[in-house]
Amino acid sequence: MTAITDIPDAPRAARRPQMGNPIVRWLRTNLFSSIPNGILTVVLLAVLAKGIFSFVQWGIANAVWLTPANDSSACRAVRGLGACWAIIPEKYRFILFGTYPFDEQWRPALSVLLFIALFYLSTRRALWRRELVYLWIGALALISALMWGGVLGLSFVSQDRWGGLPVTLILATFGLAFGFPLGILVALGRRSKLPAIRSLSVLYVELIRGVPLVSLLFMASVMFPLFMPSGFNIDKLLRAQIAIILFAGAYLAEVIRGGLQAVPRGQYEAADALGLSYWRKNRLIILPQAIRHVIPPLVNTFIAFFKDTSLVLIIGIFDLLTTAKTAIIDPAWQQFSVEVYLFVAAIYFAFCFAMSRYSRSLEAHTAAR
Amino acid sequence: MTSDTPRPPPRRRLFGAWGRRELNGLLWQVLVVGIAVAVVAFLWSNTVTNLSARRITTGFAFLGREAGMPIADSLLAYSPRDTYFWAFVVGVANTLRVAVIGIVLATILGTVIGISRLSANWLLSRLAAVYVETLRDVPLLLQLLFWYVLMQALPAARAAWRPVEGVFLSNRGLILPAIPVGSPQLWVLGTAALGCAAFYVVRRWLVAQQMRDGKPRPAWPFAVALVIALPALVSVLLGVSWTIEWPELRGFNFVGGLTLAPEYFALLIALVTYTSAFIAEIVRSGIQSVPRGQWDAANALGLRRSFMLRQIILPQALRVIVPPMTSQYLNLTKNSSLAVAIGYQDVVSVANTTLNQTGQAIEAIALIMAVFLTISLGISLFMNWYNARIALVER
């Protein structure tokens, strides 16, 4: 024991003596470690200060926060000099809930809260059990009941009046809830030994991944009526939802396939040796391990996918981005679109940032094991 | 293991050499293929009935008809009197124009930001991190609309901003000075391209020589001779002029120079900034994947920093970087189809207009798919070739 403590502390002695204020020391190592670094810091600080200064001037000092209802004259007076945040209190109900009946808007608001609670519970490791699936089914059924109404004394609201944040969340969540099982089936199909099933899966994945989502959405909105027997038609939102499910299925299948490849061969052989059937083998042995491997990339796919639901704007479905874009058609407020886009960007950012933080904590957790 | 009891004779199989497993597999395949064929046949018969009810003839004959759609911004000569086929070609050219330039710029910007994130300068690495986080977590379409709104809010041509002499930024887009390129200039550029190819061959030969006897041979004289001197000579001999054309404000618009329309410029900025955030993360993790020992070993050998980066660090980092980079390039190309939201006429936008005008939905979508599958395949093949070239050569 003494031998160890007797060893002279060579590396520490070689260091520069650490003197002075800890703040100064931090500045020296992190910002002014060399002359070019110092110059870089000064330049960056100057640019940053100018940027922050002009943003504060535009966004806070000269900004208009409130105006009388439907009167944008105060905003137009400061146009170009200050932001018009007054457009947000003026339009937020429309941006968030679209054309949903005004007096009933507590229903979509409650749905959004339910969605957020559902997402939060799904991130808890302690709740990763079979009951979570039932929770999802129950919550999605409850949300459908809230949005549509027609039960429990709620008035019926047809889905072409839905809009805003709930629609974005519905498209993303239902897309994942159905795309995920589809992705699992296709991933298994792609690794199957049966040639016909394998080639069908490859064809599906490569076709969907090879084209932009925009063209799939066009297909859903324009070609779907052609595909169906005449007289039979389904709602536009549902058609977009189907396109999004098919799209998500292909991308999730590729992520899950990566996980399947990471499961060691011995696991397959052991399951075979136990005499398990194909489905039981995958359900009990292979998939739990495969999915555990790919949780961080899965979360990243979810983020990408959440952002991609905004593309339904192109086929005219009222999601959060479309309501924002529609809100600024109003001639009185037309010039203040930047403020509205920043507001909506903040909402998207909040969701995606939370997910990416979560993905990172998961990665750290897996790496620590 | 030994046992005295004789083994029972093997069970006879029901269908000759076929076991239960094979039979099961066959049944599954028949079932799945049967369902797929039934679904496709159902959709197909519906489509045929619907099309005949609407009196739309299937086939690509419409491509020969006059398109009558205006395309404001295009590289190739186009007028609304041209055919649908030519409109599609112009659309593909517009897609490629934004995708190729976008890929190059996003790679440069992404690499710079990825390296900045690893900088020893705390402020720089924080700023790069904020850039990446912000741009990654906001939908691209929203960013695109945002940039487009900013473009439209720029001053009119008369009051255009002039950040540098000869560069104008107004609601007509970005106007840059340009060198008009005709066939004499193309000859010189062609010679330069040939010179690059020749230099590549020479350099390989020089490296092979060095491998044989260990003597380093400088490559730069060949580079100067083949890539700079040779085209310069051709230029002088042919008497090619390289005068810069400066844009000028005449009346309400600009004359001369190179104009990047607001739609194109907004799309390019949105695609480049968005994709560069993803590329930055790929570059960062690629560089971080090179073990510390490699840096230490290179330092211990006393290698110059540039040589160390070029010959030790980068080749190892690239192995990690290239595969995910390929999918970013594919994403950028596919995302360029968002152009339809701001009225830049790429191939998807042209196909959409065609579809509305002629009702040839299947053909229009088939063309989009064909174009994107071809582009995707092209990028994948190139990147796979590049990846194979830089891959680890194992003994």
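Residues are numbered from 1 along each chain as its sequence is written, and chains are lettered from A and ligands numbered from 1 in the order in which they are written. In this predicted model, local features need pLDDT of at least 70, side-chain atom pairs count only at pLDDT 80 or more, and totals for chains, interfaces and linings use all residues.

**Exercise 1. The sheet of chain B**

Work out the strand order of the open sheet in chain B, and find which strands stand at the edges.

Step 1. Helices (H or I, at least four residues) and strands (E, at least two) are DSSP runs, numbered from the N terminus. Two strands pair if DSSP finds at least two bridges between them.

Step 2. Take strands 1 and 2 of chain B. Three bridges join them, and they run antiparallel. They form a hairpin with two residues between them. Leu169(B) stands opposite Leu174(B) in strand 2.

Step 3. Take strand 2 (residues 173-176) and strand 5 of chain B. Their pairing is antiparallel, over three bridges. Leu174(B) stands opposite Leu260(B) in strand 5. Leu176(B) stands opposite Leu258(B) in strand 5.

Step 4. The open sheet has three strands in the order 1-2-5, with antiparallel pairing. Strand 1 (168-170) and strand 5 (258-260) of chain B each have a single partner strand, so they stand at the edges and one side of each is left without a neighbour in the sheet.

**Exercise 2. Two partners of helix 12 in chain A**

Classify how helix 10 and helix 9 of chain A lie against helix 12 of chain A.

Step 1. Set the rules. Axes are lines fitted to C-alpha atoms, for helices over the stretch in contact, and angles run from 0 to 180 degrees between N-to-C directions. Angles under 35 degrees count as roughly parallel, over 145 as roughly antiparallel, 65 to 115 as roughly perpendicular and the rest as oblique.

Step 2. Start with helix 10 (residues 195-210) and helix 12 (residues 236-262) of chain A. Their axes come within 9 Å and cross at roughly 115°. Helix 10 of chain A and helix 12 of chain A are therefore roughly perpendicular. Tyr204(A) and Ile208(A) of helix 10 are among the contact residues, as are Phe247(A) and Tyr251(A) of helix 12. Two residues are in contact if their C-beta atoms, placed from the backbone, lie within 7 Å.

Step 3. Move to helix 9 (residues 165-190) of chain A. The axes of helix 9 and helix 12 of chain A come within 6 Å and cross at roughly 45°. That makes helix 9 of chain A oblique to helix 12 of chain A.

Step 4. Sort the residues. Ala, Val, Leu, Ile, Met, Phe, Trp, Tyr, Cys and Pro count as nonpolar, Asp, Glu, Lys and Arg as charged, and the others, Gly among them, as polar. The contact of helix 9 with helix 12 of chain A has 17 nonpolar, five polar and two charged residues.

**Exercise 3. Where the chains meet**

Which element of chain B gives the most residues to the side that touches chain A?

Step 1. Count each side. The contact takes 45 residues from chain B and 43 residues from chain A.

Step 2. Helix 1 of chain B gives the most to the side that touches chain A, with 13 residues.

Step 3. Look at one helix pair. Helix 4 (residues 35-61) of chain A and helix 3 of chain B pack at an angle of about 45°, with their axes 9 Å apart. That makes the two helices oblique. Leu40(A), Thr41(A), Leu44(A) and Leu45(A) meet Leu123(B), Leu124(B) and Leu127(B).
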